[in-house]
Amino acid sequence: MSVTTQAFGTTKNGEAVTKYTITNAKNMSISAIDFGACLVNVNVPDKNGNLADVVLGYDDVAGYEDNGVFFGAFIGRNGNRIGGAKFELGGQTYEVEKNEGENNLHGGTPGYHKVMYKAETTDNSVTFSRVSPDLEQGFPGNLDIRMTYTLTDDNELKITYETKTDKDTICNLTNHSYFNLAGEGSGNIEGHEVCLKASGITEVTDDLIPNGKIMDVTGTPMDFRTKKLTGQDIDKDFPALKQGAGYDHNYCIDKETEGMEKIGEVIDPASGRTMEMYTDLPGVQFYSGNYINGVKGKNGHVYGKRAGFCFETQFYPNCMNIPEFQNCVLKAGQSFTSTTIYKFI
């Protein structure tokens, strides 16, 4: 196991950006940068041992400074959506940025994926850390953040979040990487097979804000409890699919414990690559890349509609405004730790 570093360009503000690459004994490697703590490469062997980079992204930091589609992005202080871009905490109403109609998406400005981090390495991990100051993006409290990417010799990419706050706040962190197990730039992901351990999704209004109800997916195109092709039902005339122009929904994981569990897997039959997913969080956003449109990415590739998929582990969207949902409030003086694993086979 080894960690190497290389220059990855300079930001518009003149900050030198470094890429950290971890390689394991099975020739799998992952790379991340200290700008945005973005995940920029995941190189995985196929059934014949041929390597391909299975995450969408850019060749240098300039792409990540723009990055309107959140390739490889570390998302905070709150992943997904907040209805009305406001919430109440401790008897006080906090208003955050309305950056998607009347709602808030992925925290606001500055995005956690567009600031610099301090980096520390071990022989198989890189940790990015910073303090998100009180009222950054409109959220209360100074939030100490440590986010670690670890690569194991079992081909596991582990993402660990560790935070602590000095005021009651919202803390719902996620990673927005887009995967294509055939390799980035290889076409769409409709031929990937997906299995997901979830019998419900959070029902949403037309602006994709959960209304507090859980929709049973049984007998609908939203059901992935039995493995099926992503593209099998994706364009069917079904209300939830119309709302998201495909899959863009929070799946309510059928968790057996509050700890780490396997929640699903994705298979690319052609390459033989499989990605298993594990988390200790209650929800996961399955996004099928419906709004990728002519994005210039790595290696001269132009990414089109559904060129990649995301599985963003999370607390349910808008949970801070819906008492029935498990809350993502982090109390003053408390610490929060969570881990998500993507394991490649």
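This is a predicted model: local features need pLDDT of at least 70, side-chain atom pairs count only at pLDDT 80 or more; totals for chains, interfaces and linings use all residues.
## Sheet and aromatic contacts

Leucine 157 sits across from tyrosine 342 of β29.

- Strands β14 (residues 156–165) and β29 (residues 335–344) run antiparallel and are joined by nine bridges.
- They are part of an open, antiparallel sheet of nine strands, ordered β11-β12-β13-β14-β29-β23-β22-β17-β20.
- At the edges stand β11 (118–121) and β20 (228–229); each has a single partner strand, so one side of each has no neighbour in the sheet.

**Aromatic pairs**

- Phenylalanine 74 and tyrosine 117 make a tilted pair, with 6.0 Å centre to centre and 55 degrees between the planes.
- Because phenylalanine 74 lies in β6 (residues 74–75) and tyrosine 117 in the loop between β10 (104–105) and β11, this pair ties together parts 43 residues apart in sequence.
- Phenylalanine 74 is buried at 1% relative accessibility, and tyrosine 117 is buried at 5%.
- Phenylalanine 315 and phenylalanine 336 form a tilted pair too, at 6.0 Å centre to centre and 45 degrees between the planes.
- Phenylalanine 315, in the loop between β27 (310–314) and β28 (329–330), is 21 residues from phenylalanine 336 in strand β29; both residues are buried.

- Lysine 228 places its charged end over the ring of phenylalanine 224, 4.5 Å from the centre.
- Arginine 130 lies over the face of tyrosine 112, 5.8 Å from the ring centre.

Definitions and conventions: Residues are numbered from 1 along each chain as its sequence is written. Side-chain values use heavy atoms; hydrogens and water are left out. Two strands pair if DSSP finds at least two bridges between them. Helices (H or I, at least four residues) and strands (E, at least two) are DSSP runs, numbered from the N terminus. Rings of Phe, Tyr and Trp (its six-membered ring) pair if their centres lie within 6.5 Å; planes under 30 degrees apart count as stacked, over 60 as edge-to-face and the rest as tilted. Buried means under 20% relative accessible area, exposed over 50%, partly exposed in between (1.4 Å probe, protein chains only). A charge sits over a ring if NZ of Lys or CZ of Arg is within 6 Å of the ring centre and within 35 degrees of the ring normal.
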